[in-house]
Amino acid sequence: MQNTRLNNLFNTIALRLRLWFFNPWRRFSLLIISFLFGFFLGSAVATTAGQTAEWDIFVAATLVVLTEFGSRIFYGRSIRERQALWVECLNILKVGVTYSLFLEAFKLGS
């Protein structure tokens, strides 16, 4: 691309964000937030889909497909590529959703 002011601005912002996320504590906090958001998302999906009991099969199939897609993204990469922040956040989000669904199943006693 051409070296314009807007391009330089976006490159500078991207570089500063990359350096900001390079701090291990910030990275760890983002992973924890991702896990908690996944936990909330799984809990919300389970309760809203279970209200009417009409969308249960469709929602379960969709969750399985999304979980497998996330696993393919994470485990289909090399060890070095798995350390990318967005890949780790996606995997931790998947773990949070799965953990939430297990806890919902234990709550229901099934």
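**Exercise 1.** Find the volume of the largest pocket in this predicted model and the residues closest to its centre.

*Solution.* Start with the space itself: the largest pocket holds about 360 Å³. A pocket here is an open set of points on a 1 Å grid over the protein atoms alone, where a 1.4 Å probe fits, with protein on both sides within 12 Å along at least five of seven lines. Volume means the space filled by probe spheres set on the points, which are joined across faces, edges and corners. Next, look at the lining (residues with an atom within 4 Å of a point). It has 17 residues, and A46, V59, A60, L63 and L101 sit closest to the centre.

This is a predicted model: local features need pLDDT of at least 70, side-chain atom pairs count only at pLDDT 80 or more, and totals for chains, interfaces and linings use all residues. Residues are numbered from 1 along each chain as its sequence is written, and side-chain values use heavy atoms, leaving out hydrogens and water.

**Exercise 2.** Work out which helix gives the most to the lining of the largest pocket.

*Solution.* Helices are DSSP runs of H or I, at least four residues, numbered from the N terminus. Helix 2 (24-52), helix 3 (56-75) and helix 5 (85-108) each give two or more residues to this lining. Helix 3 comes out on top, with 6.

**Exercise 3.** Now describe the second largest pocket.

*Solution.* Its space is about 270 Å³. Of its 15 lining residues, L63, L66, T67, L93 and V97 lie nearest the centre. Helix 3 gives the most to this lining too, with 9 residues.
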